[in-house]
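Please consult the sequence and the structure shown below while reading.

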Amino acid sequence: MTKTRKILILTKYSRNGGSSRIRTFQYLDELSEEFLKNKFKLQVEPLFSENYLTQLYQGKSITFAVAKAYFRRLYLVLFKLRNYDSIYIEKELFPKLPKLFYSTLIKSRIPYVVDYDDATLGYENSKSNATIPSLSHDHSKYDISTSWQV
């Protein structure tokens with residue numbers, strides 16, 4: 001009997017986040033059907049929840065929602081990655097954080113794919129993006145997509 005392979009899909013936003021809806025969610029229903037036929041199981045884990053988006057769109061404070069999202073993602077990376085056979089990352093694991101936070105993923109030796117859109121690095125450099133202050137101007141974290149170790 002063939003083992004079902006589990007793929008973790010790490011999106012930035014939940015389904016109602018525009019960029020994640022366009023980059024990932026619009027394809028999931030069709031992909032899920034095809035993957036199930038071939039013994040793959042897809043698990044989607046957005047960084048920012050529907051609650052975060054609701055608070056953001058209503059102009060409410062999102063500080064707690066952002067902190068909760070980062071801690072939840074960190075827990076997932078530190079303790080749950082080993083449950084998956086491969087990982088798909090939409091843009092970044094941790095926006096605005098240095099590459100130190102990627103070392104667990106790299107050391108896990110789990111195959112992963114990072115999907116950047118054209119504006120990811122430009123957005124990181126934008127002064128108008130003040131929602132989450134940048135803790136890193138070191139853009140070498142983008143090099144993880146080309147640092148495969150076989």
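In which helix does Leu74 lie? Leu74 belongs to helix α3, where helices are DSSP runs of H or I with at least four residues, strands are runs of E with at least two, and both are numbered from the N terminus. With a relative accessibility of 25%, Leu74 counts as partly exposed; buried denotes under 20% relative accessible area, exposed over 50%, and partly exposed the range in between, for a 1.4 Å probe and protein chains only.

When neighbours within four places in sequence are left aside, Leu74 is in contact with Phe94 and Phe101, contact being defined as heavy atoms within 4.5 Å. The C-alpha atoms of Leu74 and Leu47 are separated by 9.8 Å, and these residues are 27 apart along the chain.

## Basis of the model

The model is predicted: local features need pLDDT of at least 70 and side-chain atom pairs count only at pLDDT 80 or more, while totals for chains, interfaces and linings use all residues. Residues are numbered from 1 along each chain as its sequence is written, and side-chain values use heavy atoms, with hydrogens and water left out.

## Overall architecture

The protein contains five helices and four strands. Starting at the N terminus, the order of elements is β-α-β-α-α-β-α-β-α. Of the 150 residues in the protein, 39% are buried. Among contacts between residues at least 6 apart in sequence, 73% join residues at least 24 apart.

Helix α2 has Tyr52, Leu53 and Gln55 among its residues, and these three are buried. Viewed down the axis of α2, the buried residues fall within an arc of 165 degrees, so they line one face of the helix; the arc is that of the directions from the helix axis to the C-beta atoms. The buried residues of α2 pack against α3.

## Salt bridges

Side chains of opposite charge can pair when their charged atoms come close. A salt bridge here is a side-chain nitrogen of Lys or Arg within 4 Å of a carboxyl oxygen of Asp or Glu, and the count by this rule comes to three. One of them joins the side chains of Asp85 and Lys3, at 3.2 Å from N to O. This pair links distant parts of the chain, 82 residues apart: Asp85 is in the loop between α3 (63-79) and β3, and Lys3 is in the segment before β1. Asp85 is buried at 18% relative accessible area, whereas Lys3 is exposed at 56%.

The side chains of Asp115 and Arg23 also form a salt bridge, with an N to O distance of 2.5 Å. Because Asp115 lies in strand β4 (residues 112-115) and Arg23 in helix α1, this pair ties together parts 92 residues apart in sequence. Asp115 is buried at 17% relative accessible area, and Arg23 is partly exposed at 27%. A further salt bridge brings together the side chains of Arg72 and Glu45, at 2.6 Å from N to O. Arg72 is in helix α3 and Glu45 in the loop between β2 (40-44) and α2 (50-57), so the pair ties together parts 27 residues apart in sequence. Arg72 is partly exposed at 42% relative accessibility, while Glu45 is buried with a relative accessible area of 16%.

## Ser14 in the loop between β1 and α1

Ser14 is located in the loop between β1 and α1. With a relative accessible area of 6%, Ser14 is buried. Apart from neighbours within four places in sequence, the residues in contact with Ser14 are Ser20, Phe25, Pro46, Phe48, Ser49, Glu50 and Leu53.

## The largest pocket

The largest pocket holds about 190 Å³ of space. A pocket is an open set of points on a 1 Å grid over the protein atoms alone, where a 1.4 Å probe fits, with protein on both sides within 12 Å along at least five of seven lines; lining residues have an atom within 4 Å of a point. Grid points are joined across faces, edges and corners, and the volume is the space filled by probe spheres set on the points.

Thirteen residues line this pocket, and Ile7, Ile9, Leu31, Phe35 and Tyr88 lie nearest its centre. At least two lining residues come from each of β1 (5-10), α1 (18-37) and β3 (86-90), and α1 provides the largest share, with six. By type, the lining comprises 10 nonpolar residues, two polar and one charged; Ala, Val, Leu, Ile, Met, Phe, Trp, Tyr, Cys and Pro count as nonpolar, Asp, Glu, Lys and Arg as charged, and the others, Gly among them, as polar.
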